[in-house]
Amino acid sequence: AFSSSDAPSMRQDKSLAKLKSKLVTEKDIDLDYYEHNILPLFLNSLHYTDKRININKQNGKVCDCIIDTKIIVRFYRNEGEKKALSELDGILDSKRYEWGILLHRKGIWLLNRDIYRGDESFTCDRIVFKISFTGNKDNNYFKYLSYDNLIGETRNAKYFADITEYKNRNFNSTNKASWAAYSGALKRFFNYYAENRYNYSQVTYMNITFSDFEEYVKASSNINSETSAKNQFSYIKGFMISKTGPDGEFARGRDELLGRCQDILRKKNDEFVDITAAQVRELIDALAKDRNGTRNITLFLMIMGMGVERRKLCSLRWDYEITRDMTHIQTDAVSVKLPRILEQSLKELRMEEPEDAVYVFGNCTTKYMTPLKEGSINGMLDRINKTIKNQNGINMITPAGLRRWLFLHLLDMNVSLQEIMCMMNISVDNLSSYIDDAKMRDRGKTLINSWDRHPMDEFFEGVKG
């Protein structure tokens, strides 16, 4: 396997944070300050310092850094992002630079000259990455702005340039809304492939196999069910067929996909280590020290104790789903008793939020009057994940992982399957994401072997007369 990273990810995270701090917080960045304090930070963090560099400042307004005549890094002292991107895009054509990088107060953009542009505003851009300073969009891909990933030995940024070109050729305003899901899935897959398989410079798309996708499923912490594997494959399949044709490795049907992925997913489920009460106590104690400790503890307990899905966590309301005494949650016309530890945590969280707060895990910038997006829930769980790491599996905190753990734990406690499925809102069609036939039969055998009498005996008493 070959790595696309030129430096440890932690170091690059810190470099990006420093760049953001300087670009966002400095009130007036003149070109001299930029040249001597901001640009070197960018160049050093991405290994450009030993390359052929030419710096050109224009009228005190623009600073261009040209690297090996193929890359332009541009900074505007005062310019809106749209005009800055438009001008940088034009320079890629007129000066024939292969890559353009815009350092801006709102973020960092990467553009590629060779991307085909469509006819609509949605499909005519050459933007490969937009690393936003107001969110986390594309932050994980900062490493691909390095010299090696652009024009050096690895050239892995081309995987992502090809993704943008795929959008421009195959999407339009009518299916614009679905692009975010396609883009996210493709970026995650090719990030895995570049880091663990082969560099763009070493292979063609015909070399990428279905086995590579299987390994990606095995390695991903976000693909834990047949449904999520099917969705991820459908996003990646269209792109791969556009590159390899209908006879390529990814021209497979749904049944074959699920058949090959079932064993991997079940193995992943089996590898999920049981969580003990002592581990949960350790995690709660650690979370309590955080700035949003009460919220994160409540979020964790809501998933672990009740199996509430992410989308329902986002829209959970104090005045509708949670009873006034914090003892029950209303889900799909069913009132479910809450674990006592969760009752107490909800009471503490309610005391911390404004009196007129509407949503339990609402957007704090709107004083909890609007719901969170699912991505924010993921971010909270990521922060919980980072709070504690040990060798016993407690760090495997994902909504799907915790729901699966809860399902199996309740089965082991002899809670009926109907009660579990009703509480956790699990459909019959999705039951295999939580347990396979073999495990279900094993649990059934144990229960059947403990029968003192057959369940139909009472019925047949009436038959005997």
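Strand β2 (residues 62-67) and strand β3 (residues 71-76) run antiparallel and are joined by 6 bridges; two strands count as paired if DSSP finds at least two bridges between them. Strands (E, at least two residues) and helices (H or I, at least four) are DSSP runs, numbered from the N terminus. This is a predicted model, in which local features need pLDDT of at least 70, side-chain atom pairs count only at pLDDT 80 or more, and totals for chains, interfaces and linings use all residues. Residues are numbered from 1 along each chain as its sequence is written, and side-chain values use heavy atoms, with hydrogens and water left out.

I67 stands opposite I71 in β3. The hairpin of β2 and β3 has 3 residues between the strands, and D68 takes a positive phi near 50°. On its other pairing, β2 meets strand β1 (residues 53-58) in the antiparallel sense over 6 bridges, with V62 of β2 as the bridge partner of Q58. β1 and β2 also form a hairpin with 3 residues between them, where N59 in the turn has a positive phi of about 55°.

In β2, 6 of 6 residues are buried, where buried means under 20% relative accessible area, exposed over 50%, and partly exposed in between (1.4 Å probe, protein chains only). In a regular strand the side chains alternate between the two faces of the sheet. V62, D64 and I66 are buried on one side of β2, and C63, C65 and I67 on the other.

The whole structure has 24 salt bridges, each a side-chain nitrogen of Lys or Arg within 4 Å of a carboxyl oxygen of Asp or Glu. Three of them are listed here.

| Pair | Closest N and O atoms |
|---|---|
| D50 and K51 | 3.7 Å |
| R113 and D114 | 2.8 Å |
| R453 and D457 | 3.6 Å |

D50 is exposed at 61% relative accessible area, while K51 is partly exposed at 25%. R113 is buried at 17%, and D114 is partly exposed at 37%. D89, D93, R117 and R126 are linked in a network of salt bridges.

The lining of the second largest pocket has 16 nonpolar, 3 polar and 3 charged residues. Here Ala, Val, Leu, Ile, Met, Phe, Trp, Tyr, Cys and Pro count as nonpolar, Asp, Glu, Lys and Arg as charged, and the others, Gly among them, as polar. A pocket is an open set of points on a 1 Å grid over the protein atoms alone, where a 1.4 Å probe fits, with protein on both sides within 12 Å along at least five of seven lines; lining residues have an atom within 4 Å of a point.
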